[in-house]
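Please examine the protein model shown below.

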Amino acid sequence: MFCVCSMLWCIWSQPYLGFSLSLCPFCQKRERLLHIWGKMDLMAHSSTFLLPTISGDHRPSFTYVLVVLNQRLPRFTPLLWKHSQLRLCADGGANRVYDEMPLLVPHEDALDVRHRYKPDLIKGDMDSVRTEVLDFYTSLGTMVVDESHDQDTTDLHKCISHIRDFTPDLDKSNLCVLVAGALGGRFDHEAGNINVLCRFSTMRIILISDDCLIYLLPRTHYHEIHIQSSLEGPHCGLIPIGMPSGNTTTTGLQWDLNEMEMRFGGLISTSNIVRGGKVTVRSSSDLLWTISIKKT
(Lines give C-alpha, C1' and ligand atoms only; values in the text may rest on other atoms or scores of the structure.)
Protein backbone atom coordinates (compact mmCIF):
# COMPACT_ATOMS: atom_id res chain seq x y z
CA MET A 1 0.00 0.00 0.00
CA PHE A 2 1.16 3.56 -0.60
CA CYS A 3 1.44 6.24 2.10
CA VAL A 4 -0.65 9.04 0.62
CA CYS A 5 0.87 11.70 2.89
CA SER A 6 4.54 11.08 2.12
CA MET A 7 4.53 8.84 -0.98
CA LEU A 8 7.70 7.29 0.40
CA TRP A 9 6.37 3.98 1.61
CA CYS A 10 5.39 1.08 -0.64
CA ILE A 11 4.16 -2.01 1.16
CA TRP A 12 2.37 -4.92 -0.51
CA SER A 13 -0.26 -5.72 2.09
CA GLN A 14 -2.94 -7.49 0.12
CA PRO A 15 -1.36 -9.26 -2.87
CA TYR A 16 -4.58 -10.84 -3.98
CA LEU A 17 -6.23 -7.41 -4.26
CA GLY A 18 -3.25 -5.45 -5.56
CA PHE A 19 -2.07 -2.12 -4.20
CA SER A 20 -4.25 -0.02 -1.89
CA LEU A 21 -3.85 3.52 -0.63
CA SER A 22 -3.34 4.08 3.09
CA LEU A 23 -1.06 5.74 5.66
CA CYS A 24 2.17 4.15 6.79
CA PRO A 25 2.41 3.13 10.50
CA PHE A 26 4.42 6.28 11.34
CA CYS A 27 1.84 8.55 9.76
CA GLN A 28 -1.02 6.64 11.34
CA LYS A 29 0.54 7.32 14.75
CA ARG A 30 1.04 10.96 13.81
CA GLU A 31 -2.59 11.30 12.72
CA ARG A 32 -3.75 9.78 16.02
CA LEU A 33 -1.60 12.27 17.97
CA LEU A 34 -2.89 15.21 15.95
CA HIS A 35 -6.44 14.03 16.59
CA ILE A 36 -5.76 13.80 20.34
CA TRP A 37 -3.92 17.15 20.44
CA GLY A 38 -6.79 18.82 18.62
CA LYS A 39 -9.06 17.93 21.55
CA MET A 40 -6.65 19.05 24.28
CA ASP A 41 -7.54 21.91 26.61
CA LEU A 42 -5.14 24.82 26.81
CA MET A 43 -3.06 25.19 29.98
CA ALA A 44 -1.44 28.62 30.30
CA HIS A 45 1.59 29.35 32.47
CA SER A 46 3.22 32.59 33.59
CA SER A 47 5.79 33.51 36.24
CA THR A 48 3.89 36.62 37.34
CA PHE A 49 4.79 35.80 40.94
CA LEU A 50 8.26 37.19 40.15
CA LEU A 51 6.77 40.63 39.42
CA PRO A 52 6.74 43.25 42.20
CA THR A 53 3.01 43.75 41.65
CA ILE A 54 0.49 41.61 39.79
CA SER A 55 -2.15 43.66 38.00
CA GLY A 56 -5.60 42.36 37.21
CA ASP A 57 -4.68 42.44 33.52
CA HIS A 58 -2.25 39.54 33.84
CA ARG A 59 -3.59 36.24 32.56
CA PRO A 60 -3.77 33.60 33.76
CA SER A 61 -4.68 34.86 37.23
CA PHE A 62 -3.66 32.54 40.07
CA THR A 63 -4.29 32.07 43.77
CA TYR A 64 -0.81 31.55 45.20
CA VAL A 65 0.20 29.43 48.19
CA LEU A 66 3.81 29.38 49.42
CA VAL A 67 5.61 26.36 50.88
CA VAL A 68 9.09 26.97 52.33
CA LEU A 69 11.53 24.05 52.48
CA ASN A 70 14.73 23.61 54.47
CA GLN A 71 17.13 25.04 51.89
CA ARG A 72 18.57 28.53 51.42
CA LEU A 73 15.76 30.95 50.66
CA PRO A 74 15.68 32.55 47.21
CA ARG A 75 16.46 36.26 47.38
CA PHE A 76 12.90 37.10 46.25
CA THR A 77 11.16 35.05 48.98
CA PRO A 78 9.60 38.20 50.55
CA LEU A 79 7.95 38.84 47.18
CA LEU A 80 6.58 35.28 47.02
CA TRP A 81 5.31 35.73 50.56
CA LYS A 82 3.51 38.95 49.64
CA HIS A 83 1.75 37.36 46.65
CA SER A 84 0.60 34.28 48.61
CA GLN A 85 -2.67 33.88 50.48
CA LEU A 86 -1.40 30.99 52.61
CA ARG A 87 2.16 30.28 53.81
CA LEU A 88 3.40 26.93 55.05
CA CYS A 89 6.78 25.79 56.32
CA ALA A 90 7.80 22.19 55.78
CA ASP A 91 9.52 21.26 59.06
CA GLY A 92 12.99 22.88 58.97
CA GLY A 93 11.72 25.48 56.51
CA ALA A 94 10.59 27.34 59.64
CA ASN A 95 14.27 27.67 60.65
CA ARG A 96 14.99 29.25 57.26
CA VAL A 97 12.21 31.80 57.62
CA TYR A 98 13.32 32.64 61.16
CA ASP A 99 17.04 32.89 60.34
CA GLU A 100 17.12 34.20 56.77
CA MET A 101 14.12 36.49 56.32
CA PRO A 102 15.78 39.24 58.41
CA LEU A 103 18.82 38.96 56.10
CA LEU A 104 16.59 39.49 53.06
CA VAL A 105 15.07 42.62 54.63
CA PRO A 106 18.23 44.04 56.23
CA HIS A 107 16.97 47.61 56.64
CA GLU A 108 14.32 46.51 59.16
CA ASP A 109 14.58 45.29 62.74
CA ALA A 110 15.03 41.50 62.79
CA LEU A 111 12.33 40.91 65.42
CA ASP A 112 9.84 43.02 63.47
CA VAL A 113 10.62 41.00 60.35
CA ARG A 114 10.10 37.71 62.21
CA HIS A 115 6.76 38.89 63.50
CA ARG A 116 5.60 40.01 60.06
CA TYR A 117 6.75 36.89 58.22
CA LYS A 118 4.88 34.42 60.40
CA PRO A 119 3.90 31.14 58.70
CA ASP A 120 0.29 30.01 58.92
CA LEU A 121 1.31 26.37 59.34
CA ILE A 122 4.39 24.29 60.14
CA LYS A 123 4.01 20.68 59.08
CA GLY A 124 6.33 17.68 58.78
CA ASP A 125 7.97 14.95 60.76
CA MET A 126 9.54 17.60 63.01
CA ASP A 127 13.07 16.22 62.90
CA SER A 128 14.64 19.51 61.74
CA VAL A 129 12.78 22.50 63.18
CA ARG A 130 14.49 23.94 66.24
CA THR A 131 12.56 24.06 69.52
CA GLU A 132 13.04 27.81 70.00
CA VAL A 133 11.77 28.47 66.46
CA LEU A 134 8.72 26.29 67.02
CA ASP A 135 8.01 28.02 70.35
CA PHE A 136 8.40 31.48 68.77
CA TYR A 137 5.90 30.86 65.97
CA THR A 138 3.37 28.96 68.10
CA SER A 139 3.33 31.94 70.47
CA LEU A 140 2.27 34.05 67.48
CA GLY A 141 -0.54 31.70 66.56
CA THR A 142 1.07 29.49 63.92
CA MET A 143 -0.56 26.07 63.63
CA VAL A 144 1.75 23.06 64.01
CA VAL A 145 0.95 19.61 62.62
CA ASP A 146 3.34 16.86 63.73
CA GLU A 147 3.32 13.94 61.29
CA SER A 148 6.36 12.12 62.63
CA HIS A 149 4.36 8.88 62.41
CA ASP A 150 4.49 9.12 58.60
CA GLN A 151 7.95 8.27 57.28
CA ASP A 152 6.76 7.22 53.82
CA THR A 153 6.22 10.73 52.42
CA THR A 154 8.41 13.82 52.30
CA ASP A 155 7.65 17.00 54.22
CA LEU A 156 6.75 18.69 50.93
CA HIS A 157 4.29 15.89 50.16
CA LYS A 158 2.71 16.39 53.58
CA CYS A 159 2.28 20.12 52.95
CA ILE A 160 0.80 19.64 49.48
CA SER A 161 -1.65 17.08 50.88
CA HIS A 162 -2.69 19.62 53.51
CA ILE A 163 -3.27 22.32 50.89
CA ARG A 164 -5.35 19.94 48.80
CA ASP A 165 -7.39 18.34 51.58
CA PHE A 166 -7.59 20.71 54.56
CA THR A 167 -7.99 24.26 53.24
CA PRO A 168 -11.73 24.59 52.51
CA ASP A 169 -11.64 28.41 52.53
CA LEU A 170 -8.97 28.58 49.82
CA ASP A 171 -10.08 29.21 46.24
CA LYS A 172 -8.66 26.21 44.41
CA SER A 173 -10.13 27.00 40.97
CA ASN A 174 -6.80 28.44 39.80
CA LEU A 175 -4.45 27.45 42.60
CA CYS A 176 -0.68 27.60 42.18
CA VAL A 177 1.70 26.32 44.87
CA LEU A 178 5.11 28.03 44.99
CA VAL A 179 7.83 25.94 46.66
CA ALA A 180 10.81 28.00 47.85
CA GLY A 181 14.10 26.24 48.56
CA ALA A 182 13.12 23.22 46.48
CA LEU A 183 16.39 22.96 44.56
CA GLY A 184 19.98 22.81 45.68
CA GLY A 185 21.54 20.73 48.41
CA ARG A 186 21.22 16.96 48.36
CA PHE A 187 20.18 15.43 45.05
CA ASP A 188 17.88 12.86 46.68
CA HIS A 189 15.93 15.74 48.22
CA GLU A 190 15.64 17.38 44.79
CA ALA A 191 14.49 14.09 43.28
CA GLY A 192 11.89 13.73 46.03
CA ASN A 193 10.59 17.22 45.30
CA ILE A 194 10.34 16.47 41.57
CA ASN A 195 8.50 13.27 42.45
CA VAL A 196 5.91 15.38 44.27
CA LEU A 197 5.20 17.16 40.96
CA CYS A 198 4.34 13.78 39.46
CA ARG A 199 2.32 12.51 42.43
CA PHE A 200 0.18 15.67 42.41
CA SER A 201 0.11 16.09 38.64
CA THR A 202 -3.35 17.67 38.64
CA MET A 203 -2.11 20.57 40.79
CA ARG A 204 0.04 23.48 39.67
CA ILE A 205 3.25 23.27 41.71
CA ILE A 206 6.39 25.28 40.93
CA LEU A 207 9.78 24.38 42.44
CA ILE A 208 11.88 27.52 42.87
CA SER A 209 15.50 28.31 43.69
CA ASP A 210 17.61 31.43 43.32
CA ASP A 211 18.68 30.28 39.85
CA CYS A 212 15.73 28.57 38.18
CA LEU A 213 12.24 27.17 38.45
CA ILE A 214 10.72 23.83 37.45
CA TYR A 215 7.16 22.67 36.89
CA LEU A 216 5.29 19.83 35.25
CA LEU A 217 3.66 20.03 31.82
CA PRO A 218 1.03 17.26 31.90
CA ARG A 219 0.57 15.40 28.63
CA THR A 220 -3.19 15.88 28.99
CA HIS A 221 -2.93 19.54 27.92
CA TYR A 222 -1.57 21.82 25.23
CA HIS A 223 0.70 24.35 26.95
CA GLU A 224 1.35 28.06 26.44
CA ILE A 225 4.20 29.42 28.56
CA HIS A 226 4.21 33.21 28.76
CA ILE A 227 7.75 34.39 29.40
CA GLN A 228 8.51 37.24 31.80
CA SER A 229 11.60 38.16 29.78
CA SER A 230 12.83 40.84 32.18
CA LEU A 231 12.96 38.30 35.01
CA GLU A 232 13.49 34.84 33.53
CA GLY A 233 15.32 33.13 30.70
CA PRO A 234 16.75 32.89 28.21
CA HIS A 235 18.07 29.41 29.11
CA CYS A 236 15.46 26.69 29.45
CA GLY A 237 14.91 22.95 29.11
CA LEU A 238 12.27 20.30 28.50
CA ILE A 239 12.87 16.94 30.17
CA PRO A 240 10.72 13.80 29.92
CA ILE A 241 9.65 12.44 33.27
CA GLY A 242 8.15 9.07 34.16
CA MET A 243 8.46 7.68 30.64
CA PRO A 244 10.03 8.59 27.29
CA SER A 245 8.23 11.17 25.19
CA GLY A 246 7.44 9.59 21.85
CA ASN A 247 6.46 12.87 20.26
CA THR A 248 7.10 16.47 21.37
CA THR A 249 6.51 19.62 19.35
CA THR A 250 7.37 23.17 20.45
CA THR A 251 7.37 26.73 19.17
CA GLY A 252 9.21 29.76 20.51
CA LEU A 253 12.57 28.09 21.22
CA GLN A 254 15.94 28.59 19.59
CA TRP A 255 16.02 24.86 18.89
CA ASP A 256 12.39 23.85 18.49
CA LEU A 257 11.32 20.23 18.65
CA ASN A 258 9.27 18.95 15.72
CA GLU A 259 7.58 15.66 16.59
CA MET A 260 10.80 14.62 18.33
CA GLU A 261 11.31 11.66 20.64
CA MET A 262 12.96 12.42 23.98
CA ARG A 263 14.24 9.95 26.56
CA PHE A 264 17.09 9.48 28.99
CA GLY A 265 19.88 7.74 27.16
CA GLY A 266 18.84 9.64 24.05
CA LEU A 267 17.81 13.21 23.30
CA ILE A 268 16.60 15.59 26.01
CA SER A 269 16.26 19.33 25.47
CA THR A 270 18.72 21.10 27.78
CA SER A 271 20.45 24.49 27.40
CA ASN A 272 17.76 25.60 24.98
CA ILE A 273 16.89 29.29 24.64
CA VAL A 274 13.55 31.10 24.55
CA ARG A 275 13.25 33.40 21.53
CA GLY A 276 10.27 35.56 22.42
CA GLY A 277 7.38 36.10 24.79
CA LYS A 278 5.62 32.76 24.35
CA VAL A 279 6.58 29.09 24.15
CA THR A 280 4.11 26.38 23.18
CA VAL A 281 4.49 22.68 23.97
CA ARG A 282 2.59 19.55 22.93
CA SER A 283 3.84 16.16 24.05
CA SER A 284 2.76 12.54 24.24
CA SER A 285 4.16 12.26 27.79
CA ASP A 286 4.62 14.45 30.85
CA LEU A 287 7.54 16.88 30.66
CA LEU A 288 9.41 19.03 33.12
CA TRP A 289 9.79 22.65 32.06
CA THR A 290 12.69 24.59 33.57
CA ILE A 291 13.85 28.13 32.93
CA SER A 292 16.60 30.25 34.45
CA ILE A 293 15.80 33.19 36.73
CA LYS A 294 17.78 36.36 36.07
CA LYS A 295 19.92 38.00 38.72
CA THR A 296 18.34 41.43 39.15
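Helices α6 and α7 are roughly parallel to each other, a description used for angles under 35 degrees, whereas angles over 145 count as roughly antiparallel, 65 to 115 as roughly perpendicular and the rest as oblique. The structure is a predicted model, in which local features need pLDDT of at least 70 and side-chain atom pairs count only at pLDDT 80 or more, while totals for chains, interfaces and linings use all residues. Residues are numbered from 1 along each chain as its sequence is written, and side-chain values use heavy atoms, with hydrogens and water left out.

**Helix packing**

- Two packed helices are described by the angle between their axes and the distance between the axes.
- The axes of α6 (residues 155–165) and α7 (residues 187–199) come within 9 Å and cross at roughly 30°; axes are lines fitted to C-alpha atoms, for helices over the stretch in contact, and angles run from 0 to 180 degrees between N-to-C directions.
- Leu-156, His-157 and Ile-160 of α6 meet Asn-193, Val-196 and Arg-199 of α7, where contact means heavy atoms within 4.5 Å.
- By class, the contact of α6 with α7 has 3 nonpolar, 2 polar and 1 charged residues (Ala, Val, Leu, Ile, Met, Phe, Trp, Tyr, Cys and Pro count as nonpolar, Asp, Glu, Lys and Arg as charged, and the others, Gly among them, as polar).
- Helices α3 and α5 (residues 131–139) pack at an angle of about 80°, with their axes 10 Å apart, and α3 is therefore roughly perpendicular to α5.
- In this second pair, Ala-94, Asn-95, Val-97 and Tyr-98 of α3 are in contact with Val-133, Phe-136 and Tyr-137 of α5.
- The contact of α3 with α5 has 6 nonpolar residues, 1 polar residue and no charged residues.

**The chain as a whole**

- The protein chain has 7 helices and 17 strands; helices (H or I, at least four residues) and strands (E, at least two) are DSSP runs, numbered from the N terminus.
- Of the 296 residues in the protein chain, 50% are buried (buried means under 20% relative accessible area, exposed over 50%, and partly exposed in between, with a 1.4 Å probe and protein chains only).
- Among contacts in the protein chain with a separation of 6 or more, 66% are between residues 24 or more positions apart.

**Nonpolar cores**

- The largest nonpolar core has 49 residues, and those with the most contacts inside it are Phe-49, Leu-178, Ile-208, Leu-213, Leu-238 and Trp-289; such a core is a set of buried Ala, Val, Leu, Ile, Met, Phe, Trp, Tyr and Cys residues joined through side-chain atoms within 4.5 Å.

**Backbone features**

- The peptide bond from Gly-233 to Pro-234 is cis, with omega near 5°, and Pro-234 is found in strand β12 (residues 232–240).
- Asp-91 has a positive phi of about 50° although it is not a glycine; this residue lies in the loop between β5 (84–90) and α3 (93–104) and is buried, with a relative accessible area of 1%.
- Glu-259, also not a glycine, has a positive phi near 55°; Glu-259 lies in the loop between β13 (245–251) and β14 (260–262) and is partly exposed, with a relative accessible area of 22%.

**Individual residues and their contacts**

- Leu-104 lies in helix α3 and is partly exposed at 28% relative accessible area.
- The C-alpha atoms of Leu-104 and Thr-77, 27 residues apart along the chain, are separated by 8.1 Å.
- Ser-292 belongs to strand β17 (residues 287–293) and counts as buried at 18% relative accessibility.
- Beyond its neighbours within four places in sequence, Ser-292 is in contact with residues including Gly-233 and Pro-234.
- Met-203 is found in the loop between α7 and β9 (204–208) and counts as buried at 17% relative accessibility.
- Not counting residues up to four places away in sequence, Met-203 touches Ile-160, Ile-163, Arg-164, Leu-175 and Val-177.
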